[in-house]
Amino acid sequence: MRSTPLRRRPAVALTALGFGASQAGNLYRARSDEEFAGAIDAGWDAGIRYFDTAPHYGLGLSERRLGAALRSRPRDQYVVSTKVGRLLVPSPETAHLVDTEGFAVAADHRRVWDFSRDGVLRSLEASLARTGLDRIDIVYLHDPDDHWQQAATEAVPALVELRDQGVVGAIGAGMNQSRMLTRFVRETDIDLVMCAGRYTLLEQGALDDLLPAADEHGVSVVVAGVYNSGLLARDRPAADATYNYQQAPAELIERVVRMARICESYGTTLPEAALAYVRTHPAVACTVVGMGTAAQVTETVRRANARVPAALWPALESAGRHSA
């Protein structure tokens, strides 16, 4: 699989398709260790060498499972990213409950926002312990939407220090919005951003701010949420399809159905087009897709390798794709 070096940190290269490990944290439903290990095996066999996780995913379960699945593989052959900003604090008083943030795990820890220098160092140290890996290659600030000041003035300098010391290879920010990511690109010394859901076949808000800024400053872009949390994940969207993690409005589903028909008329499918479209921008180094089973990996790789005709993009444009 093709790899692209980060523009500002060429020693760190990302495969065109990255493995998002949120499902390893039992996102929405429980999964076994064996099921996730099989997904990693399938991804490795397909050439995927970039794996993304976070403490938030399953209160550390994703990091533990990913580390266990990768630990026996040659360390210089893959790239791992995790995130800082949420510290996991033991919470024995709620351990009998289920996590309230979408993960099917016991609520034996609670998440505490912390973008201070100490919080960054403590978070990374804990991530290293959970994964059992000797290093983390990329560290992102995770969803600092309500914490700009502390993230920009305390967390980023702490990450810059770690990067300059060679502790981590590259630093960035990951968010579900493009506006603040653009501020990070323009106002701080980061190497890459992970933009979820704001640059997709359906929605191109990042074209107005983030992608031009990334080009200008030599910052690489990792695109996540390419299916807009489910709406673009099937050949035809289901009536109960989700958009931005909520029930999609009927009029939006109708618009996506029209897009799907256009894709089919050009010999491709909606998910194949969704993966292909985001690769057309030169600032995009990688697309991260959440996967939890070997079958999901196989299907995602097939979609990513599908040939999508360039004539599809103007056809979708003329049909009002940008009105989302």
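I began with threonine 82, which lies in strand β5; strands here are DSSP runs of E of at least two residues, helices are runs of H or I of at least four residues, and both are numbered from the N terminus. I kept in mind that this is a predicted model, in which local features need pLDDT of at least 70, side-chain atom pairs count only at pLDDT 80 or more, and totals for chains, interfaces and linings use all residues. Residues are numbered from 1 along each chain as its sequence is written, and side-chain values use heavy atoms, with hydrogens and water left out.

Is threonine 82 buried or exposed? I found it buried, with a relative accessible area of 1%, where buried means under 20% relative accessible area, exposed over 50% and partly exposed in between, for a 1.4 Å probe and protein chains only. Leaving aside neighbours within four places in sequence, I listed the contacts of threonine 82 (heavy atoms within 4.5 Å), and they include Thr53, Glu63, Ser127, Ile138 and Tyr140.

I then turned to the sheet, where eight strands close into a barrel in the order β3-β4-β5-β8-β9-β10-β11-β14, with parallel pairing; two strands pair if DSSP finds at least two bridges between them. Neighbouring strands of this sheet are turned by 25° against each other on average, direction ignored, with axes taken as lines fitted to C-alpha atoms, for helices over the stretch in contact, and angles running from 0 to 180 degrees between N-to-C directions.

Strand β5 (residues 79–84) is joined by four bridges to the parallel strand β8 (residues 138–142), and serine 81 stands opposite isoleucine 138 in β8. Helix α3 (residues 117–131) packs on the sheet and touches β5 and β8, its direction making about 140° with that of β5. Helix α5 (residues 179–187) also packs on the sheet, where it touches β8, β9 (170–175) and β10 (192–196), and its direction makes about 160° with that of β9.

I followed β8 on to β9, to which it is joined by five bridges in a parallel run, with isoleucine 138 opposite alanine 170. How many residues of β9 are buried? I noted six of its six, with Ala170, Gly172 and Gly174 on one side and Ile171, Ala173 and Met175 on the other.

Next I looked up how helix α4 (residues 148–164) meets α5, and they pack at an angle of about 35° with their axes 12 Å apart. The contact is made by Trp148, Ala151, Ala152 and Val156 of α4 and by Met180, Arg183, Phe184 and Glu187 of α5.

I checked the nonpolar cores, each a set of buried Ala, Val, Leu, Ile, Met, Phe, Trp, Tyr and Cys residues joined through side-chain atoms within 4.5 Å. In the largest, of 89 residues, those touching the most other members include Phe19, Leu141, Phe184 and Trp313, and its largest share, nine residues, comes from α4. Another core of 15 residues lies apart from it, with Leu6, Val79, Tyr140 and Cys286 among them.

Why is helix α8 (residues 270–278) largely enclosed by the rest of the structure? I recorded that nine of its nine residues are buried, so it is largely enclosed, and what covers them includes β11 (220–224), α7 (250–265) and β14 (284–290).

Last, I noted tyrosine 28, whose phi is near 70°, a positive value in a residue other than glycine. Tyrosine 28 sits in the loop between β3 (17–20) and α1 (33–45) and counts as exposed at 60% relative accessibility.
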